[in-house]
Amino acid sequence: MNEIQYWTDIKSEEEMKFKIISHSEFDNRTENDVKLILEYLQPNKNDEIIFDFGCGTGRLIRPLSPYCKNLLGVDISEVILDSAIKKCGDLKNVIFKPLQNDSLINLENNSIDKIYSFLVLQHIEKSKVFNILTEFNRILIMKGKVFLQFPSLLKGKNVFHQSLITKNQLRSLTPRLEFYLKEELEILFEFAGIKILEIIEEETDFYVLGEKEKEIKKLNIVLRSPFKNEK
Ligand SMILES: C[S@@+](CC[C@H](N)C(=O)[O-])C[C@H]1O[C@@H](n2cnc3c(N)ncnc32)[C@H](O)[C@@H]1O
């Protein structure tokens, strides 16, 4: 099972509740997450589009929508997105879109003002996170901002330890969980052309406030087969 299937295999609301492990734990952090986004990302009505990557059931969409002109939520799981539409369908300035895979290809270059993502990138392999950051760079307007949450390896040492132990035993029952060092984040963001303005450390997480500072060119790698007559 790959990391995406953990989410895309969800067939019912019941399974969703089981897999988004502790709903109440999530809800407990909503007030603080919204406070952080308002303080650091500062969404406002001058921003044309604010983007929630991996919006889940819309936990952050509803409280943030009054501050935004337009909010776009995307998610890889259809069932989770359906639940978000049920919960937030009445909000006139919110649009939800499904993602077919990790690719944000459907979004245009330089079309988004600000991006936030909470409790999502931690479930994605690091090389793919790098691709996603380069996609964020592509879709953001110049000087557009990101505000992204990552678990800290040092502060979340116990959870990290636990995840190492349970990884093999509970493979299909728990999502992938990745932890970061500050230095790793600095390198990842630099390579993705996003300048870090501030790294906030709170409890066991890092919150990175960044700004698109340059366009980055994607490498077009053409692979040649080592076998004769094969391209
Ligand atoms: C733990 S939930 C967090 C949801 C929401 N961001 C929140 O804070 O309440 C993780 C969400 O990330 C979504 N997700 C996981 N991998 C993804 C990917 N590669 N692209 C988009 N969404 C993804 C899952 O479907 C799930 O809804």
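Reader: Let's start with histidine 123. Is it buried, exposed or in between, and why?

Author: Histidine 123 counts as partly exposed, because it has 18 C-beta neighbours inside 10 Å. The rule is this: a residue is buried if 20 or more other C-beta atoms lie within 10 Å of its own, exposed if 12 or fewer, and partly exposed in between, with C-beta atoms placed from the backbone. Keep in mind that this is a predicted model: local features need pLDDT of at least 70, side-chain atom pairs count only at pLDDT 80 or more, and totals for chains, interfaces and linings use all residues. Residues are numbered from 1 along each chain as its sequence is written.

Reader: Okay, and where is histidine 123?

Author: Histidine 123 is in the loop between β4 (112-117) and α6 (126-139). Helices (H or I, at least four residues) and strands (E, at least two) are DSSP runs, numbered from the N terminus.

Reader: What is histidine 123 in contact with, leaving aside neighbours within four places in sequence?

Author: Glu3, Pro175, Arg176 and Leu177. Contact means that the C-beta atoms of two residues, placed from the backbone, lie within 7 Å. Arginine 176 is 53 residues away along the chain from histidine 123, yet their C-alpha atoms are separated by 4.8 Å.

Reader: Now leucine 104: buried or exposed?

Author: Leucine 104 counts as buried, because it has 21 C-beta neighbours inside 10 Å. It sits in the loop between β3 and β4. Beyond four places in sequence, leucine 104 is in contact with Glu135 and Ile139.

Reader: Switching topic: how many helices and strands does the protein have?

Author: Eight helices and seven strands. Of its 231 residues, 35% count as buried.

Reader: Which residues of helix α5 are buried?

Author: In α5 (residues 78-88), Ile80, Leu81, Ser83 and Ala84 are buried. Seen down the axis of α5, the buried residues fall within an arc of 155°, so they line one face of the helix. That arc is taken from the directions from the helix axis to the C-beta atoms.

Reader: What do the buried residues of α5 pack against?

Author: They pack against α1 (5-8), α2 (13-19), α4 (61-64), β2 (71-75) and β3 (94-98).

Reader: What about strand β7, how many of its residues are buried?

Author: Seven of the eight residues in β7 (residues 205-212) are buried. Strand β7 pairs in the antiparallel sense with β5 (residues 140-151) over seven bridges, and with β6 (residues 194-202) over eight bridges, also antiparallel. Two strands pair if DSSP finds at least two bridges between them.

Reader: Which residue in β7 is the partner of glutamate 202?

Author: Aspartate 205. Proline 151 also stands opposite aspartate 205. As for β6 and β7, they form a hairpin with two residues between them, and glutamate 203 in the turn has a positive phi of about 50°.

Reader: Last one: what surrounds the ligand?

Author: There are 20 residues around the ligand, and the closest are Trp7, Gly54, Gly56, Arg59 and Ser77. A residue is near a molecule if its C-beta atom, placed from the backbone, lies within 6 Å of it. The shell divides into 13 nonpolar, four polar and three charged residues. Here Ala, Val, Leu, Ile, Met, Phe, Trp, Tyr, Cys and Pro count as nonpolar, Asp, Glu, Lys and Arg as charged, and the others, Gly among them, as polar.
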